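Subject: Structure handover

Hello,

I am passing this structure on to you.

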Amino acid sequence: MPTPNTTQRTSPIESLAIAAAVGSAVVGFIVTLVVQHGQLAPLTSIAAVALVVIAATSAAAFIWAYVRHADGGVRWRMRHPLRRVLDVLGLTLTGVGVAVLLVASMFEVFRLAFIGLELNAFAAAALVAGLAAACAYALSLIAGQLTTTTLATLLALFLVAGVFTSMLTADDPKWWHRNFSALGMSATTSSYAFNVTIVVAGLVIVTLADYLTIDLLARRGPGGRNLRGIAVIRIILAIVGVALAGLGLVSVDVSVLVHNTFSISAMLGFAALIALAPILLKGLSPAFIAATIIFGALIVTGGVLFAIGSVNLTALELIAVLVIFTWLILFTRNASAGRSVDAVEQDSGEHPRVHTRSALAVGAVALAFVAGLVSGRLRVR
């Protein structure tokens, strides 16, 4: 049963989400009517309008909800204005990117299922309005109740969807003969999608480091002490985030040396994080420590297979990315699980927020794969 305080805190979030949904629906309906000019339109034309409307309205809804939620909190007040801007930018692009990819996938499925279908202006406007409302509502709720776990899950969802879309829209069908960095080469839509995905992921990881720090500070180690090594974990995550952003900003065809430096830094940072977290942060569950050992063994096994020529560099990178982000989601859940209510109130000035359930996390990752696979058919011909 929720307490009165919980109800008071969640009601404004729900009200804000509903208001954002209604506003987005109105905007979507009006814009589509104006664009259609009362004419019939195929699904491809409606999709183009819908994606622009959803990107704009969802971004506005996410920013509104996130700033309303964060404003006044200790984390928000202590951050430099530039850091606030970067947080909002990275998180908004992540949330909107996921929404746009999922809607694009849905329209592609509709196009394949209803070949030759055309909608009149009113029907098209109603469809766009409904999709805009759904996306704005969902992203408002996410932004208004953002936790470390939901942030890590959203990051993994965005990264998988963005990279898979880039893979399936690549102009070079044999890009995988080299490595993932080949996706970011040349001035094509596919390469831009890949590089922007990596840059945004880097920004979000820097934000994730701050969220994770709050959770770790709220935990109590043996004897009532705070867990040690939190600063080290935060620094490593920040280094990884900066390295990923640099990886996307400097593609391999611009500078091999700089690109490889960022790439190696990111990989070493993740390796250090997996190796040091169970050692520095006492009190983590034995099950998580066992999972960490297994994940580390998987990466080492992949490296051995690459060394003996059984797998190429692309396969090794794919194994590493899947293992790392799966571990990162588990890590954030374990870091949040042992928080003390009193400590959260004292350290962050906020009540602990409800975590996303495991089933939703698994479903989100599955949707990411579907979004990447289907939206890959949207290549401009």
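The notes below go from the whole chain to single residues.

This is a predicted model, in which local features need pLDDT of at least 70 and side-chain atom pairs count only at pLDDT 80 or more, while totals for chains, interfaces and linings use all residues. Residues are numbered from 1 along each chain as its sequence is written, and side-chain values use heavy atoms, with hydrogens and water left out.

Overall: the protein chain holds 13 helices and two strands (DSSP runs numbered from the N terminus, helices being H or I with at least four residues and strands E with at least two). Of its 381 residues, 47% count as buried (under 20% relative accessible area; exposed is over 50% and partly exposed in between, with a 1.4 Å probe and protein chains only). Among contacts (heavy atoms within 4.5 Å) with a separation of 6 or more, 80% are between residues 24 or more positions apart.

Ser-24 counts as buried because its relative accessibility is 4%. Beyond its neighbours within four places in sequence, Ser-24 is in contact with Thr-57, Ala-132, Ala-133 and Ala-136. Ile-30 is also in helix α1, but is partly exposed at 47%.

Helix α7: this helix runs over residues 189-218 and reaches 43 Å from first C-alpha to last, close to the 44 Å expected (1.5 Å times one less than its number of residues). Helix α7 is largely enclosed by the rest of the structure, because 24 of its 30 residues are buried.

Salt bridges: a search of the whole structure finds two (a side-chain nitrogen of Lys or Arg within 4 Å of a carboxyl oxygen of Asp or Glu). Arg-234 pairs with Asp-210, with the closest N and O atoms 2.4 Å apart. Arg-234 lies in helix α8 (residues 230-249) and Asp-210 in helix α7, so the pair ties together parts 24 residues apart in sequence. Asp-210 is buried at 5%, whereas Arg-234 is partly exposed at 37%. The other bridge joins Arg-111 and Glu-108 at 2.7 Å, N to O. These two residues are three apart in helix α4 (residues 81-113), so about one helical turn separates them.

Regards
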